[in-house]
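Good morning, and thank you for the time.

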Amino acid sequence: MGIVDRPLSEGGAMPGGISSDTEDTPLAVSANKPLLLKLLSDSIVISYSFHLVDSDGETVIKTWSGKTTDEDDDEVVVPASSLQSGRKIVWQLLLVGSVRGDVNYSIAIEYSQDGSVLGDDPTRGTLPKRDVKSLSGVRRIEVTT
Amino acid sequence: MTSRWRAQVISPALVACSMTAVMPSFAIDPVEEKAGAVASATPLRARDEKASADEEAKVSAEAFQTPTLPAMVLLNADTSDVERPGSVRDFGIALANVITPQGTVRSGIAMEVTPRALGLFRSTNAYRYRKDYWNRFVQRIGMSVATTAESATEATPSVTNLAIGLRIVVWDDADPLLDPASARALNVEAGECPETSFPNTVEGKQQWAGCKEAAVKEYITDAPDPAWNLGGLNLAGALSAVLPEGEADEASFGSAAAWLTAGLPIGSWAQLVGSVRFRHVDPDNGDLGLFARLRMGSARTRGYVETGLLRQTIVAESSATGRLKVGTEFLLAPGVWLSADIGGNFGRDAEEGNDVLDVFALSNLQWALEDAPGWEMSQ
């Protein structure tokens with residue numbers, strides 16, 4: 001599913017991008033409608049960031065980031081004008097383990113337009129005691145008329 | 001997983017210190033058998049052999065505490081490979097796997113389902129979990145499902161045992177997700193890794209993520225240990241059915257059990273823990289287990305006294321088995337605990353027809369090296 005479950009600092013990310021797997025299953029979005037990115041997380045995720053990457057695969061056009069320890073909803077809106085085929089959504093999460101023991105997690109990034117869910121990137125696993133992990137994934141955008 | 005290596009003092013001369021006394025209303029039933037224990041004098045040997053033959057009647061903290069997976073415990077099923085669906089889709093797939101193409105219930109199922117897998121509280125987060133008690137309450141609920149098989153005999157067909165259990169955490173000071181250390185870690189990464197310090201490219205964003213991860217890792221590694229005597233209250237129940245040849249429409253009642261465990265901190269120097277377990281195994285077999293433990297000391301050195309009582313509740317002639325133990329634990333080095341304890345049984349030996357009190361027989365002195373301290377609420 002394009003989820004990188006190794007720490008980025010240990011080479012978990014792939015060169016030139018975060019992960020290439022989900023680029024094989026692009027996100028089919030409708031033109032002229034904003035795209036909602038929603039983090040469906042449990043409390044082990046403490047921060048997140050979404051990046052809109054240009055079709056060159058390198059340039060970051062815009063970044064949205066936030067903390068799950070804030071009261072705000074963990075979601076961002078990508079304007080319809082920014083949605084172009086070939087661009088990518090890259091997401092990054094920071095998970096913080098407990099000083100008391102292992103914690104199971106179950107997380108998903110959900111993509112929707114007009115209230116309709118277009119797809120999601122789910123991941124789950126176990127974070128050992130006192131461990132920290134970065135998770136990331138990528139979705140290529142394909143605009144349909 | 002806690003690894004343990006135990007040794008026991010064996011001295012025939014000291015076994016004579018075991019005493020037999022007249023104690024009305026108690027009868028000795030099988031009790032906990034320590035690995036490596038060696039039978040010594042004849043009356044003790046008889047009891048020890050009987051004890052090892054019936055694991056069901058253990059009188060210990062581990063036997064009576066609220067289990068994480070009550071369905072598996074009720075059926076005495078393997079818990080080494082438990083399926084934990086993370087989404088409604090995964091849960092549907094797992095559920096479909098319970099039923100065979102022939103419409104019977106498959107054996108060998110071990111599954112734990114949380115509200116998130118049922119689509120509830122999917123979009124909760126750290127803020128709401130920490131601030132809202134009912135959010136935590138629902139998220140902590142765990143439902144377990146287990147099936148085991150019993151082979152056919154000449155007289156009976158094969159049966160599949162199906163158990164469903166529910167575990168509820170009412171209060172848990174040891175909840176790892178409430179620990180303030182992880183919340184404070186967020187400010188560490190924000191301060192040490194400002195986004196503008198990294199190139200506005202995918203590679204730069206990767207470096208940013210790596211910086212945050214390293215900063216938080218350093219913080220969390222150095223975070224202090226939580227208090228050793230935290231409190232909590234949790235309960236669980238499980239119910240099983242017997243399905244002849246796996247046929248659900250011919251199901252009949254199998255067994256039931258309920259557990260309740262509570263821990264209460266006393267200042268920073270002590271903790272009182274109590275557990276209750278009730279089991280209805282079959283029409284002729286049921287019991288009530290009680291356990292209490294008082295621990296006193298510090299994070300590195302503790303002493304404790306504990307007692308347990310197992311009372312048969314269904315048989316015509318009710319009987320009870322008691323166990324009393326005192327012990328101590330020392331943290332020798334990180335991850336290395338030295339423990340020593342002495343204890344034994346009290347009650348009536350049904351086979352010998354006499355009352356027994358061998359609690360402080362020196363032959364029962366044991367010591368162990370372990371990688372974790374004794375039973376705690378968070379387990």
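**Chain A and the helix across its sheet**

The accessible surface of chain A comes to about 5700 Å², and 43% of that area belongs to carbon and sulfur atoms; areas come from the Shrake-Rupley method with a 1.4 Å probe, and for residues only the protein chains shown count as cover. This is a predicted model, in which local features need pLDDT of at least 70, side-chain atom pairs count only at pLDDT 80 or more, and totals for chains, interfaces and linings use all residues. Residues are numbered from 1 along each chain as its sequence is written, chains are lettered from A and ligands numbered from 1 in the order in which they are written, and side-chain values use heavy atoms, with hydrogens and water left out.

Chain A has nine strands and zero helices; these are DSSP runs, for strands E of at least two residues, for helices H or I of at least four, numbered from the N terminus.

Five strands form an open sheet with mixed pairing, in the order β1-β9-β6-β3-β4 of chain A, where pairing requires at least two DSSP bridges between two strands. β1 (27-30) and β4 (60-67) of chain A each have a single partner strand, so one side of each is left without a neighbour in the sheet.

Within this sheet, β6 (residues 88-96) and β9 (residues 132-144) of chain A run antiparallel, joined by nine bridges. Val90(A) stands opposite Val138(A) in β9(A).

What lies across β3 (45-53), β4, β6 and β9 of chain A? It is α9(B), running at about 5° to β6(A); axes are lines fitted to C-alpha atoms, for helices over the stretch in contact (heavy atoms within 4.5 Å), and angles run from 0 to 180 degrees between N-to-C directions.
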